[in-house]
Amino acid sequence: MRYLRILPAIGAAALALAACTSGSTPADSTASAEATQPAETTVLNVYAAASLTETFGELEEIFEEANPGVDVRFNFAGSQDLVTQLGEGADVDVLATANESTMKKAADASQVDAQTIFVTNTLTLITTPGNPAGVTGLDSSLDGVKLVICAPEVPCGKLTKTLTEKLGVTLNPVSEEQAVTDVRGKVSSGQADAGIVYKTDALAEGDAVDTVAIQGAEEAVNKYPIALVSASTKKDLGQKWIDLVLSAEGQKILEDAGFTPAAK
């Protein structure tokens with residue numbers, strides 16, 4: 001009988017312990033979930049000329065390491081396409097174009113703040129490896145050669161037109177592309193024998209192409225401006241990106257890629 005009287009007491013104690021344990025579980029679970037929840041990410045949208053693809057990609061790693069929780073997202077394309085997208089309401093924080101006249105369109109529409117020239121670029125010829133077509137420059141060696149260039153509305157195309165007019169040369173390309181990266185892609189893939197690109201694009205292709213210097217290329221130079229987009233809600237962060245581009249570290253990366261820093 002004493003045994004039977006003890007059992008209810010043990011049962012009651014067990015229930016009380018269970019109640020205490022179950023009551024603390026939700027709070028512990030919530031704390032654990034909060035501890036493992038990832039921090040909120042801030043996206044910085046940078047629209048940049050296609051010729052900046054490799055260098056801005058390098059700068060992205062430096063920027064994100066220095067600014068935890070920030071994700072730099074790029075849109076690389078022909079500068080004229082970038083300005084068109086900006087005018088159509090694209091979410092953009094920083095704009096970098098491959099020439100001043102294209103940026104001026106955005107400025108005239110009050111879409112960007114003050115601009116800063118950060119590098120300049122010149123043109124060169126590229127050919128398929130080994131230069132089997134025997135291209136020697138903007139001369140008769142291009143006769144019968146499958147040549148591709150940028151379209152005249154694209155900064156590299158406008159610069160090509162300016163240069164050829166200064167040199168008194170007439171070109172007969174088989175196609176005109178909307179971005180300089182498309183020109184280099186057609187040559188490196190063997191779809192074309194030669195192409196006119198920025199010096200930086202020739203370097204970026206490495207052994208996939210051969211480079212043939214253009215005599216007088218310095219007669220035509222593109223200046224690259226960068227600016228905050230007026231409608232951006234992340235101007236402080238956007239300015240940090242611009243500051244990195246203009247810094248000694250940023251300028252060294254751009255110079256190593258073949259650009260000429262604006263100060264030089």
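**Figure 1. Serine 110, with a positive phi near 60°, follows helix α4.** The structure shown in this and the following views is a predicted model. Serine 110 comes after α4, and its phi is positive. The helix itself spans residues 100-108 and is the subject of the next view.

**Figure 2. Helix α4 has a buried side and, turned away from it, a face with exposed residues.** Thr102, Met103 and Ala106 of α4 are buried. These three residues lie on the same side of α4, because the arc they cover around the axis is only 95°. Lys105 and Asp108 are exposed and sit on the face turned away from that buried side. The elements that cover the buried residues of α4 include the helices α3 (79-87) and α5. Among the covering elements are also the strands β3 (94-96), β4 (112-121) and β10 (222-229).

**Figure 3. Strand β5 is largely enclosed by the rest of the structure.** The strand comprises residues 123-127, and five of its five residues are buried, so the remainder of the structure largely encloses it. Burial applies to both faces of β5. One side presents Leu123, Leu125 and Thr127, and the other presents Thr124 and Ile126.

**Figure 4. Strand β5 is joined by bridges to β8 and to β9.** Strand β8 consists of residues 194-198 and runs antiparallel to β5, with five bridges between the two. Threonine 124, a buried residue of β5, has valine 197 of β8 as its bridge partner. Strand β9, made up of residues 210-212, is likewise antiparallel to β5, and three bridges join these two strands. Here isoleucine 126, which is also buried, has threonine 211 of β9 as its bridge partner.

**Figure 5. The largest pocket holds about 150 Å³ of space.** Its lining is formed by 13 residues, of which Ile149, Thr160, Lys161, Thr164 and Leu171 are the closest to the centre of the pocket. Strand β6 (147-150) and helix α5 (155-167) each contribute at least two residues to this lining. Helix α5 makes the greatest contribution, namely four residues. By residue type, the lining contains seven nonpolar, four polar and two charged residues.

How values were computed:
Residues are numbered from 1 along each chain as its sequence is written. This is a predicted model: local features need pLDDT of at least 70, side-chain atom pairs count only at pLDDT 80 or more; totals for chains, interfaces and linings use all residues. Side-chain values use heavy atoms; hydrogens and water are left out. On a 1 Å grid over the protein atoms alone, a cavity is a set of points where a 1.4 Å probe fits but cannot get out, and a pocket is an open set with protein on both sides within 12 Å along at least five of seven lines; lining residues have an atom within 4 Å of a point. Grid points are joined across faces, edges and corners, and a volume is the space filled by probe spheres set on the points. Ala, Val, Leu, Ile, Met, Phe, Trp, Tyr, Cys and Pro count as nonpolar, Asp, Glu, Lys and Arg as charged, and the others, Gly among them, as polar. Buried means under 20% relative accessible area, exposed over 50%, partly exposed in between (1.4 Å probe, protein chains only). The arc is that of the directions from the helix axis to the C-beta atoms. Contact means heavy atoms within 4.5 Å. Two strands pair if DSSP finds at least two bridges between them.
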